[in-house]
Amino acid sequence: MSTEPPTDSPLAGASPGAGTMPWVTRALDLILTTDFKQRRCIRMLLLTALVYAVCIGLMGYGAHVGIFDPVQIGVLAVFCVAFTLLFYVIVRSGRNLRWPDPTLAMPQTLVAQTLIAGAYAVGGEIHPATIILMALVMVFGMFNMRIRSARMVSAYTIVLLGAVIAWRTQVDPEVYVPAHEWMVFVLVATVLPAIAQLSAQLMNMRARLKQQKVALEQALAHINDMAIQDELTGLANRRHMMAQLAEHAQRRTRGGPAFFVAMVDLDHFKQINDKYGHATGDEALRVFAREATSALRATDVIGRWGGEEFLVLLPESAPGEPAGEPTVAVERLRVRLSQLEACPVVPELRIAFSAGFSRHRDGEAVDHTIERADRALYAAKLAGRNRSVVD
């Protein structure tokens, strides 16, 4: 009868051990396991056991006052306990995870409907009250059973109830009045398929919501990427580079490493576009971005500043270590590009670039550091391009 509630169900609950004493938490972990999904399965199974206990308690009271046969109620109680323990052991041991439906919704529902049919058979004068439990079981199963499973359980329950009614009206027609019983059967045969159909609609709705959730997550991920990435090259965009520079400048005020800023501009890029077309120019930008990412250090950050301009953030070595030469990685990139085809369609095309470096000064605005790097880049172009100048 137990099934796993949907993710947004209140039964999903909060953190298992929140607000409880350590020994209570340990006891709950022992009974419910520490796996979140398994805990939900066991909680629903325990809820089912509680429903069984209430029903058996009421029928036990009925047996005490002479309404029911104590032996029949005892047999029914044994079966309820046995099946509850069986499903608990399966879930607690983790064996349910090997099955297509780890919640065991269909087998539990079939067992529950069988036990309820048994209660209907021994319920005597109050047996019609058990019908509501059949509807309750189907509602429980709505959350996890597949459409086909829900319809199969509905059909099984109707056939089983019909067989019980046919039997009891033959052997005990005074209590199980045929005319009354068949009215009950028609009612059940109408309601249970309707619940199964509602289950189908619910499953379809959940499937659509899941698809919409995945689509929304993908859209948000794409929006986040667009917010920090350049669409053409996949590098950080200007906005993200400014955030990175501001973060490094702030870190520097707290004793972090100093850093260089390099402004890089591809040489004669307009001529590439004019001579070979913008598609070739775009490919040259992508090649530069890919090779730059490979040539630079893991701590370096490169982003597209705009057009054919790129900005590189180059943190210095850790405090106490030699600062090193900031142009080493960039010159390594220059050599690599000189030996690499910028575009397969134009094998003779090579990428060259000019670069201007400036070291961020303590207390200096990041914009001023960039401005000095830009002036150094201009000096590199005046000196003949395809070179680096350090401010």
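User: How do you know that the span of helix H3 is close to the expected one?

Analyst: In this predicted model, helix H3 covers residues 70-93, a run of 24 residues. The distance from its first C-alpha to its last is 34 Å, and 34 Å is also what 1.5 Å a residue would give. The expected span takes 1.5 Å times one less than the number of residues.

User: Which residues of H3 are called buried, and what do they pack against?

Analyst: The buried residues are Ile73, Leu76, Ala77, Cys80, Thr84, Phe87, Ile90 and Val91. Their packing partners are H2 and helix H4 (105-122).

User: Why is Leu47 called partly exposed?

Analyst: Leu47, a residue of helix H2 (residues 36-64), has a relative accessible area of 31%. Buried requires under 20% and exposed over 50%, with partly exposed in between; Leu47, at 31%, is therefore partly exposed.

User: What makes the nonpolar surface patch that includes Leu47?

Analyst: Leu47, Leu50, Val54 and Leu58 make this patch, of about 360 Å². Membership requires over 30% relative accessible area, and Leu47 has 31%.

User: Why is strand S2 described as largely enclosed?

Analyst: Strand S2 comprises residues 301-306, and five of these six residues are buried, so the rest of the structure largely encloses the strand.

User: How do you know that S2 and S3 pair?

Analyst: Pairing requires at least two bridges, and five join S2 to strand S3 (residues 309-315), the two running antiparallel. Gly303 stands opposite Leu311 in S3. The hairpin has two residues between the strands, and Gly307 takes a positive phi near 60° there.

How values were computed:
Residues are numbered from 1 along each chain as its sequence is written. This is a predicted model: local features need pLDDT of at least 70, side-chain atom pairs count only at pLDDT 80 or more; totals for chains, interfaces and linings use all residues. Side-chain values use heavy atoms; hydrogens and water are left out. Buried means under 20% relative accessible area, exposed over 50%, partly exposed in between (1.4 Å probe, protein chains only). Helices (H or I, at least four residues) and strands (E, at least two) are DSSP runs, numbered from the N terminus. Patches are made of residues with over 30% relative accessible area and no salt bridge: like charges are joined within 9 Å, nonpolar side chains (Val, Leu, Ile, Met, Phe, Trp, Tyr) within 5 Å. Accessible areas come from the Shrake-Rupley method with a 1.4 Å probe; for residues, only the protein chains shown count as cover. A salt bridge is a side-chain nitrogen of Lys or Arg within 4 Å of a carboxyl oxygen of Asp or Glu. Contact means heavy atoms within 4.5 Å.
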